[in-house]
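Please look at the sequence and the model first.

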Amino acid sequence: MVASLCAQVSQSQQPSVDWVRDPGFVSVQPPLAEPELRMEPSDLFDCAALCSTKTWCSSFMYISEQAQCLLFKIVYLENEELLEIPGAEYYRVASDSCPVQECFAMSRPDNLCFLYLNESRTSEESRDLCKTKNGRLAILDTLSKNEWIVSLLEMNGASYDASLYLGAQRNGTVFTWSNGQQVAVPESNHSFWGDSEPNYSSEHCLVLKSDISVMRWRDGSCDLQSTGVLCEYQPASN
Ligand SMILES: [Ca+2]
């Protein structure tokens, strides 16, 4: 059995990140757990501080008996094959307002929850799917959100053939996010438009699509099947 896991990325530029201890991983190591970095800090707090300074670090394990600190890019949620490691404690980034057990991920510093669903849908179906889960199609109206989402998708293995509908509509020549903000024009510094995009006034949807190895916005048909659905949520505490 392969343990389920959710890829999570922590964009924690802030030095203070809240960590929660996962009671499911006491004195055991999660399966498939390949640390990105293995270090020998002085104590648990040093280990937490190390993870906090790495923008990619979303969880860590501190093994007191070996004085070892293992930093992970992802958050492990379930453990079906337990490897006993006395003294091991596992911590993940605290995002209690995003239900991480359901594979929601929290973006920092935006403090928004995102849910990536591996489902093929048209634009309308994608919007409806997010609604049924009490969210909306992702609004990537800041540089930090775009960069964070691209990292999240890459870690979900969605980077090479991804095509996802975003929460924006075309009004004539301009695209507007569903929160009323105008989508950045191609000439702006914070634009994620692909080369020569937007290029067809008949393409009414905003699509996040892989362009060789990078994710870029395009205008595109609203009727094509996406490779996944990306929903956005306000955290419960907001
Ligand atoms: Ca296009």
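Which residue in strand 14 is the bridge partner of Val-207? The partner is Arg-218. The sections below set this pair in the context of the chain, beginning with the overall picture.

## Overall make-up

The model is predicted. Its chain has 238 residues, and 38% of them are buried. Three helices and 15 strands make up the secondary structure.

Among contacts with a separation of 6 or more, 70% are between residues 24 or more positions apart.

## The four-stranded sheet

Val-207 and Arg-218 form a bridge, and strand 13 and strand 14 are joined by seven bridges in an antiparallel arrangement. These strands belong to an open sheet of four, with the order 12-11-13-14 and antiparallel pairing. Strand 12 (residues 174-177) and strand 14 are the edge strands, each pairing on one side only. From one strand to the next, the twist averages 45°.

## The nonpolar cores

In soluble globular proteins, nonpolar side chains tend to be buried together. The largest nonpolar core in this chain contains 34 residues. Its members that touch the most others are Phe-114, Ile-149, Leu-166, Leu-230 and Cys-231. At least two core residues come from each of strand 9 (112-117), helix 3 (143-155), strand 11, strand 13 (205-211), strand 14 (214-220) and strand 15 (229-233). Another core, of 17 residues, lies apart from the largest one and includes Phe-60, Cys-69, Phe-72 and Val-75.

Leu-166 has several contacts beyond its neighbours within four places in sequence. They are Leu-137, Ala-138 and Leu-140, together with Leu-206, Val-207 and Leu-208.

## Arg-170

Strand 11 spans residues 163-171 and includes Arg-170. Is this residue buried, exposed or partly exposed? Arg-170 is partly exposed because it has 18 C-beta neighbours inside 10 Å, while a buried residue needs 20 or more and an exposed one has 12 or fewer.

With neighbours within four places in sequence left aside, Arg-170 is in contact with Phe-175, His-204 and Asp-219. The C-alpha atoms of Arg-170 and Glu-203 are 8.2 Å apart, although the two residues are separated by 33 residues in sequence.

Key. Residues numbered from 1 in each chain as written. Predicted model: local features only at pLDDT ≥ 70, side-chain atom pairs only at ≥ 80, totals over all residues. Contact = placed C-beta atoms within 7 Å. Core = buried A, V, L, I, M, F, W, Y, C linked by C-beta atoms within 7 Å. Pairing = 2+ DSSP bridges. Axes fitted to C-alpha atoms, helices over the stretch in contact; angles between N-to-C directions.
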